[in-house]
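Hi,

Here is the structure I said I'd pass along. Have a look, and my notes on it follow below.

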Amino acid sequence: MSTEMIVRNCAPTLAGLKVGSLFSYPCENEEEAQRHVDERNHLLNAKGVYFVLVRVKQGMAMIYVYRKKRLERVLADPAVQKFLVCFGYGEFQIDDCLEVLKKRLLLADFPHEIGVFLGYPLADIQAFIEQKGANCPCTGCWKAYTDVERAKATFQLFHKCTRLYCQRYDEGFDIARLTVAG
């Protein structure tokens, strides 16, 4: 897993603007992918950023990168908990939820509740499910059904952050320097 790939796919999470990011990359096997995850955790856990190997399938590793404190707050929300219970989640500690998410990712490429882990608004996740992904007034990082103007501003912020982080990385900034503590 290249640092460039992490920066390109996770800049808003590294910057502390987003709860989590998800990306895939080609790998030889699960052991190799886990080794890469362990290396990144050793480097960035002190800044509050965690990497988790959530799936290896057909030579592709799927990595979830998250801000621990932000994810804890999301999972403590009673509305989020009520929503997640419908998908088989029962404990709301990060490790417990990630274990359920890993199992769900084996059943479907993108189970709908994954939006919670990526920091998408719960109302948009629920609307996406109800509308079956149709009738969406705005699409960016997610399909926004509610508070479209705020979603558009967030999409622009994430895009600007990613552009800036990629530029800084190209200028020689390493990932530890690019990652905001929090």
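Which residues does serine 21 touch, leaving aside those up to four places away in sequence? Keep in mind that this is a predicted model. The list is Asn9, Cys10, Thr13, Ile63, Tyr64, Val65 and Leu118.

Serine 21 itself sits in strand β1, which covers residues 20-26. It counts as buried because its relative accessibility is 3%, and the cut-off for buried is under 20%.

Next, the hairpin. Strands β2 (residues 49-57) and β3 (residues 60-67) run antiparallel and are joined by eight bridges. If you want a pair to click on, valine 56 has alanine 61 as its bridge partner in β3. Two residues lie between the strands, and glutamine 58 in that turn has a positive phi of about 50°.

Then there's helix α8, residues 148-170. Its 23 residues reach 33 Å from first C-alpha to last, close to the 33 Å expected at 1.5 Å a residue. The buried residues in α8 are Val148, Ala151, Phe155, Phe158, Cys161, Thr162 and Tyr165. On the spacing: an α-helix has 3.6 residues a turn, so residues three or four places apart point the same way. The buried residues of α8 pack against α1 (3-14), β4 (138-139), β5 (143-144) and α9 (175-178). After α8 comes glycine 172, with a positive phi near 110°.

Cheers

Definitions and conventions
Residues numbered from 1 in each chain as written. Predicted model: local features only at pLDDT ≥ 70, side-chain atom pairs only at ≥ 80, totals over all residues. Heavy atoms only, no water. Pairing = 2+ DSSP bridges. Helix = DSSP H or I, 4+ residues; strand = E, 2+ residues; numbered from the N terminus. Buried < 20%, exposed > 50% of the residue type's maximum accessible area, 1.4 Å probe, protein only. Contact = heavy atoms within 4.5 Å. Expected span 1.5 Å × (residues − 1).
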